[in-house]
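The following note concerns aromatic rings and their surroundings. Please read the points in order, with the structure in view.

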Amino acid sequence: MHTFEIGRAQLAPEFAEAVYDTKEEREEELLGRNNVVGVGLGNKFTDGVDTGERCIQVFVDHKVDVDMLPVKDRVPKTLNKQPTDVIAVGPIFAGEPTGAIAVSPQALEGRRRPAMGGDSVGHYQITAGTAGAGCYDAEIMPGIPRRYYILSNNHVLANSNGANIGDPIYQPGPFDGGTADDIIGRLARYVPITFDGSCNLVDAALAEVDFRDFTREIYYQGYVNHNYAPVNINDVVQKTGRTTNFTTGRVLSVNATVNVNYGSGKVAKFCKQIITTTMSAGGDSGSLVLDTDENAIGLLFAGSTSVTIINNIGYVQSLLGVRLTEK
Amino acid sequence: MTGSGEGHAALAAALAAAEDLMALPGVEGVGQGEDGAGAPVVLVLCAGVTDALRASIPAELGGIPVVLYDIGERPTAQPIEGWPYDDLSEPDFM
């Protein structure tokens with residue numbers, strides 16, 4: 001039975017046991033060395049290039065010339081014949097960064113006009129989520145779009161099926177101080193979420209906005225390149241969201257079926273989902289997820305302490321009848 | 001296996017069978033994953049990997065290996081939590 005941890009499962013079989021076991025065996029010893037702040041497993045980089053060789057990663061506060069270190073604090077090039085890679089990561093703190101260049105946690109919680117992808121937004125009866133991106137009706141291509149929308153989640157713009165079409169949408173969301181003076185749009189349509197054990201594909205909704213009040217640019221990421229790109233396991237993906245700002249994650253699973261908690265005892269089953277390493281927190285719901293070429297791959301809507309759950313953007317656009325870009 | 005029609009069919013069948021595992025307490029999801037060599041596996045997403053789950057979940061489904069993955073707890077929709085929803089009255093412009 002394959003009950004090993006995923007960390008080991010992701011290593012090449014012929015290499016997995018030796019490097020994994022060596023890391024486990026020597027971890028405490030390594031952490032005891034001056035300047036070492038962490039130990040991990042990954043690929044070895046040489047001059048910034050991924051060599052593809054699995055290794056034991058040794059994270060240090062800063063790199064020091066080996067001659068400057070006492071022998072007891074040096075990191076050998078191999079441990080039990082397994083290669084090591086020393087990576088400088090700076091000091092690690094629990095909690096908020098304290099450096100002068102730390103990103104403000106409130107960076108995307110304010111009012112902005114035109115608002116952007118990544119900004120706080122929400123139905124007037126919810127807390128706050130994220131405005132994912134701008135979009136327009138798919139059928140108007142080529143042609144003259146008459147309506148423009150913010151794309152986000154049902155539970156952000158439609159209060160988990162509890163809203164009426166035309167309800168006001170605040171930017172920022174109510175939790176971030178949004179009031180009736182901050183209406184950016186009105187709920188236009190949404191895909192209802194079912195809580196009866198049947199499969200949901202998306203948690204998605206649209207708010208219609210004035211063209212001048214929302215730009216298609218996503219904060220820190222720019223413009224979406226293509227409407228859709230296939231996503232593969234181990235791909236790196238990115239998003240900008242209201243709470244955790246710009247983050248990246250690695251795809252763990254596709255075609256996933258997962259139960260999601262909506263509070264008050266309500267659980268919805270979602271199928272055909274994308275699962276990534278954790279890249280979100282409360283308030284990031286609605287973020288558009290892109291690959292590293294800025295192609296749309298999904299709509300973020302849920303997560304646990306260790307994973308993030310993402311709707312496939314193909315289903316989102318198809319079911320809502322919109323498109324994000326012309327390509 | 002991933003490149004053949006037969007492989008796709010086997011994986012699809014394994015994923016379909018894996019959904020039955022969601023009836024087990026603590027299993028919150030299943031999905032397609034890969035091992036380090038790029039071969040397909042069935043990921044079983046667990047809110048804590050317990051001995052009981054290990055004993056209940058098969059090593060493979062239709063020839064596809066099954067891997068347990070601990071996701072901590074059931075995923076939650078991610079708006080900001082803690083807002084007193086019920087205290088909000090309708091705005092006066094409605």
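1. A charge sits over a ring if NZ of Lys or CZ of Arg is within 6 Å of the ring centre and within 35 degrees of the ring normal. The charged end of Lys266(A) is placed in this way over the ring of Phe195(A), 4.7 Å from its centre.

2. This is a predicted model, in which local features need pLDDT of at least 70 and side-chain atom pairs pLDDT 80 or more, while totals for chains, interfaces and linings use all residues. Residues are numbered from 1 along each chain as its sequence is written, chains are lettered from A and ligands numbered from 1 in the order in which they are written, and side-chain values use heavy atoms, without hydrogens and water.

3. With a relative accessible area of 28%, Phe195(A) is partly exposed, whereas Tyr262(A), at 12%, is buried. Buried means under 20% relative accessible area, exposed over 50%, and partly exposed in between (1.4 Å probe, protein chains only).

4. The rings of Phe270(A) and Phe301(A) have centres 4.5 Å apart and planes at 45 degrees, so this pair is tilted. Both residues, Phe270(A) and Phe301(A), are buried.

5. Phe195(A), Tyr262(A), Phe270(A) and Phe301(A) together form one aromatic cluster.

Key
Phe/Tyr/Trp six-rings, centres within 6.5 Å; stacked < 30°, edge-to-face > 60°.
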